[in-house]
Amino acid sequence: MLSFFKKPLLRGGVHAEEHKAETSALPIVSDFPLPKKLFIPLQQHVGKPAEPLIMVGDKVLKGQLLAYSQGLISAPVHAPSSGTIVDVNDYPAPHPSALPIRMIVLETDGKDEWIKTQTVDDPFQLSPEEISLRVGAAGIVGLGGATFPTAVKLNMGRENQVDTLIINGSECEPYLCCDDRLMQERADWIIDGVRLMLHGMETKHAVVAIEDNKPQAFAAMQAAAEAFPMIEVRQIPTRYPMGWDRQLIRYITGKEVPAGCRSSEVGVTIHNVGTAYAVHKAIRYGQPLLNRVVTVAGGAVKRPMNVEVPFGTLISELFDFCEVDLAETARIVMGGPMMGDSLPHTAVPTVKATSGILAMTQNELKSGEEQPCIRCASCVSVCPAGLRPLDMANNIRVNQLDAAVDLGLKDCISCGCCSYICPSNIPLVQYFKYASGEVVARQQAQHKSEQTKKLIEARNARMERIAQQQREEEQARLAAKAERERLKAEQEATV
Amino acid sequence: MIVHMKPASGAHVGANNTVSRIMKQVMLALTPATVFGLLCFGWPALNLFVITVLSAVAFEAFCLSLRGRAVKATLMDGSAVLTGWLLAMTLPPWAPWWIGVVGSGLAIVLGKQVYGGLGQNLFNPAMLARVALLISFPIEMTTWPNVSPLFFSHSPGLIESWRITFSGLENIDASTGATTLGFIKTEFSQNRLLSDILKDYSGVGNFFGWTRGSLGETSTVLLALGGVWLIRQNIIQWQIPASLLLTVALLAGLFHAVDSEHYVSPLLHLNSGALMCVAFFIATDYVTSPNTSAGQLVFGAGCGLLIFVIRTWGAYPEGAGFAVLLMNSATPLIDYYIRPRIYGRDRNGKPLEIPKS
């Protein structure tokens with residue numbers, strides 16, 4: 001009876017067509033031909049971009065540090081292969097705008113020669129702080145797509161003494177299977193990474209959460225975790241966006257993370273399975289994060305696959321390898337089809353955040369003219385964050401951005417459920433992203449105008465003060481002159 | 001080639017759902033009750049139905065062209081057809097042609113397009129038109145023909161039906177009468193008691209629709225089945241119909257238990273096609289009902305309460321139209337006060353407290 005009154009653990013969400021069967025049964029392809037040139041962005045993470053410490057013409061080895069992390073929240077970048085640095089310049093970013101950002105261009109020599117790596121015999125003898133340091137030095141960031149530096153998260157977990165580490169294996173986005181395959185094939189290593197993370201955070205309990213549409217991954221992970229009672233592997237319902245960290249935290253622990261707080265403040269830290277695998281490689285073998293498994297799928301892909309590619313590989317090369325029919329491709333999406341962004345062309349590199357590249361045909365896309373909102377409120381019922389997308393969009397359409405903020409614009413997670421379900425084809429997430437950007441821009445503009453006003457006022461005050469001073473000096477001078485003349489007259493009178 | 005950059009943000013895939021599909025599903029759900037009504041009331045009813053729907057489409061096209069919108073593309077969304085259809089269902093089946101035309105004009109022009117078209121209207125267009133017609137033309141709107149099915153010998157033929165539709169009904173008393181609720185209301189004014197009034201009442205007739213009433217609102221069972229199918233299809237939610245019907249049933253049950261000679265039993269209230277039509281098809285109109293589940297429960301309960309009050313104490317025997325319009329006007333208020341709780345925040349939008357462990 002009591003459970004009836006308990007807060008629901010799941011709210012909103014949609015069940016999109018999965019399209020996972022194309023690649024979920026195929027082994028990870030690890031013989032991707034090494035590209036001639038790698039374009040390695042200095043910013044592949046949340047926070048400050050890394051600062052390059054190589055020069056054009058330098059010879060580098062695989063795994064060598066190319067750019068060091070700058071500031072508290074940042075991550076270093078390493079050479080994905082051996083070769084020569086040929087350029088450090090601006091190239092198109094893997095972003096819908098494809099605006100240029102700073103990248104290191106590495107011409108590979110084909111030898112793929114490793115730098116000497118630092119291995120440890122028993123990593124559990126290392127201090128937790130040392131684990132964080134090594135994870136940070138390996139350039140590991142959240143590989144679920146958020147790309148928050150992992151070391152920072154480990155530290156926050158340790159400092160807040162979190163009691164649960166959640167490993168996110170939900171992979172709720174349609175099409176994507178890279179985490180699924182990783183769990184099926186490399187479960188032991190992922191579990192080792194989880195144990196190292198637990199050690200690094202001084203936490204006693206971990207839950208690996210896997211959606212119930214991945215029974216093989218679940219079985220593999222369960223077998224791998226059997227020997228470790230502190231790691232629990234759990235199946236969770238298949239319902240997008242199950243992998244939203246806060247949804248998962250609520251489902252697993254029953255706790256709700258307050259707005260504006262980090263999950264570690266309620267005693268939970270969440271990491272992706274790919275991140276755990278990267279931690280395993282970094283601590284056990286001293287290997288920095290140089291590549292990742294990327295799902296290449298979509299209707300226009302002749303050979304869909306999960307493929308391990310070095311960072312910096314141009315998407316065009318990936319597409320050649322997977323035999324993508326560009327004539328059939330109506331849209332290129334980086335990430336999953338729910339939250340991913342479309343790319344204008346393929347001359348952009350894969351980065352740490354690239355979980356998938358989709359070449360989608362017209363038939364797969366949601367298309368059609370935008371029609372008026374009929375207030376069906378489907379968007380309200382699917383919103384996992386409890387927002388009212390239709391009201392927010394109505395306000396944004398008439399430029400009432402403050403009203404949209406009051407309705408909860410800043411709590412929107414861009415999961416895409418509202419756009420997915422809308423019968424009127426309204427690109428709601430597009431509205432919200434535009435509005436969020438515009439709100440920030442307006443705040444900056446306002447801040448700027450206030451600063452300008454302050455400066456002008458200060459200048460006016462200063463000029464007024466100077467003028468006042470001059471007037472006073474002038475008066476004093478006149479007074480002195482009068483005094484002098486009076487004295488002179490007195491003297492003359494006495495003479 | 002890459003033709004679709006926009007929108008740059010997801011979702012790039014979508015549920016297989018469009019406005020016109022929703023409208024078609026609703027029409028499909030209305031079809032059994034409509035066909036049954038047309039069979040029961042014959043050719044004049046068919047004339048009225050066709051005239052109402054066609055004029056609704058014509059008015060929509062006219063308004064769209066005045067506003068400089070794409071006429072054909074917008075008509076294809078099916079909303080004008082549905083509005084005309086719903087209006088026709090609530091009209092007396094042998095009403096003259098101009099009732100249908102004026103009604104459609106009111107619904108489309110005053111009820112919908114002056115607000116800015118689909119999705120912008122405050123009131124349910126069909127109900128707005130029906131109420132306006134009822135107030136303006138009380139005779140035509142309360143002339144209820146006897147059930148006279150197609151092809152029966154005493155039913156009007158095709159030629160006669162044109163005369164009924166275009167020049168009005170002659171010898172009204174011979175072929176018309178009162179609806180059940182109307183009859184009860186008049187007889188109450190004669191100080192008769194319910195046990196006496198309802199001697200000839202046929203519950204089965206009302207249940208299947210063999211009774212006097214609006215064109216498509218006679219059959220309780222067909223409308224209810226259509227509505228339940230819509231819920232199963234996930235086109236409408238259960239909240240509004242459930243709370244509406246439950247409220248009517250509870251109130252009627254309460255009063256009937258206290259005084260069964262002056263208050264109609266809940267079964268008779270519920271066994272009415274008009275109530276089913278309102279509960280499943282009118283009150284659930286997306287545009288004019290609240291957005292949240294809780295809001296929809298309040299809205300449905302409010303409709304139910306008003307329907308019961310008007311039916312029981314009001315001047316009109318059937319109050320569904322007025323009830324829905326009144327609650328439509330309360331919808332923005334309901335949406336303002338009843339909103340979902342945002343994740344990580346309390347009901348007032350303040351961030352939650354960090355739990356102390």
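1. In this predicted model, the side chains of A:Lys62 and A:Asp112 meet in a salt bridge, at 3.1 Å from N to O. The pair links distant parts of the chain, 50 residues apart. A:Lys62 sits in the loop between β3 (59-60) and β4 (65-68) of chain A. A:Asp112 sits in the loop between β7 (100-108) and α3 (128-137) of chain A. A:Asp112 is partly exposed, with a relative accessible area of 31%.

2. A second salt bridge joins A:Glu232 to A:Arg234, with 3.9 Å from N to O. The limit for a salt bridge is 4 Å, so this pair falls within it. A:Glu232 is partly exposed at 30% relative accessible area. A:Arg234 is partly exposed too, at 26%.

3. A:Glu483 and A:Arg486 form a further salt bridge, their closest N and O atoms being 2.9 Å apart. Both residues lie in helix α15 of chain A. They are separated by about one helical turn, because they are 3 residues apart in that helix. An α-helix has 3.6 residues a turn, so residues three or four places apart point the same way. A:Glu483 is partly exposed, with a relative accessible area of 38%. A:Arg486 is partly exposed, with 41%. Elsewhere, salt bridges that share partners join A:Asp192, A:Arg195 and A:Arg284 into one network. The count of salt bridges over all chains is 26.

4. Now the interface. Chain A and chain B bury about 4,500 Å² between them. Carbon and sulfur atoms account for 56% of that area. Which residues of chain A lose the most area to chain B? They are A:Arg331, A:Ile374 and A:Arg375, together 16% of what that side buries. The contact takes 64 residues from chain A and 41 residues from chain B.

5. A:Asp411 forms a salt bridge with B:Arg345, where the closest N and O atoms are 2.7 Å apart. Several elements of chain A each supply at least two residues of the side that touches chain B. Among them are the helices α8 (245-253), α12 (389-397), α14 (417-421) and α15 (428-494). The strands β14 (331-334) and β15 (341-343) are also on that list. By class, this side of chain A has 36 nonpolar, 12 polar and 16 charged residues.

6. Turn to the cores. The largest nonpolar core holds 70 residues. B:Leu30, B:Leu244, B:Val278, B:Phe280, B:Phe281 and B:Ile307 touch the most other members. Which helix gives the most to this core? Helix α1 (residues 19-66) of chain B does, with 15 residues.

7. Helix α14 (residues 273-282) of chain B is mostly covered, with 10 of its 10 residues buried. Its buried residues include B:Met276, B:Cys277, B:Val278, B:Phe280 and B:Phe281. What does B:Phe281 touch, not counting residues up to four places away in sequence? The set includes B:Val26, B:Ala29, B:Leu30, B:Leu86 and B:Leu223. B:Gly226, B:Gly227, B:Leu230 and B:Met276 are also touched by B:Phe281.

8. Two loop residues deserve a look. B:Thr179 is in the loop between β2 (176-177) and α8 (180-189) of chain B. B:Thr179 is buried, with a relative accessible area of 15%. Leaving aside neighbours within four places in sequence, B:Thr179 is in contact with B:Trp144, B:Arg212 and B:Gly213. A:Ser264 is in the loop between α8 and β11 (268-272) of chain A. A:Ser264 counts as buried, at 5% relative accessibility. With neighbours within four places left aside, A:Ser264 is in contact with A:Met156, A:Asn160, A:Val162 and A:Thr269.

Definitions and conventions: Residues are numbered from 1 along each chain as its sequence is written. Chains are lettered from A and ligands numbered from 1 in the order in which they are written. This is a predicted model: local features need pLDDT of at least 70, side-chain atom pairs count only at pLDDT 80 or more; totals for chains, interfaces and linings use all residues. Side-chain values use heavy atoms; hydrogens and water are left out. A nonpolar core is a set of buried Ala, Val, Leu, Ile, Met, Phe, Trp, Tyr and Cys residues joined through side-chain atoms within 4.5 Å. Buried means under 20% relative accessible area, exposed over 50%, partly exposed in between (1.4 Å probe, protein chains only). Helices (H or I, at least four residues) and strands (E, at least two) are DSSP runs, numbered from the N terminus. Contact means heavy atoms within 4.5 Å. Buried area is the accessible area (1.4 Å probe) that two parts lose on being put together, summed over both. Ala, Val, Leu, Ile, Met, Phe, Trp, Tyr, Cys and Pro count as nonpolar, Asp, Glu, Lys and Arg as charged, and the others, Gly among them, as polar.
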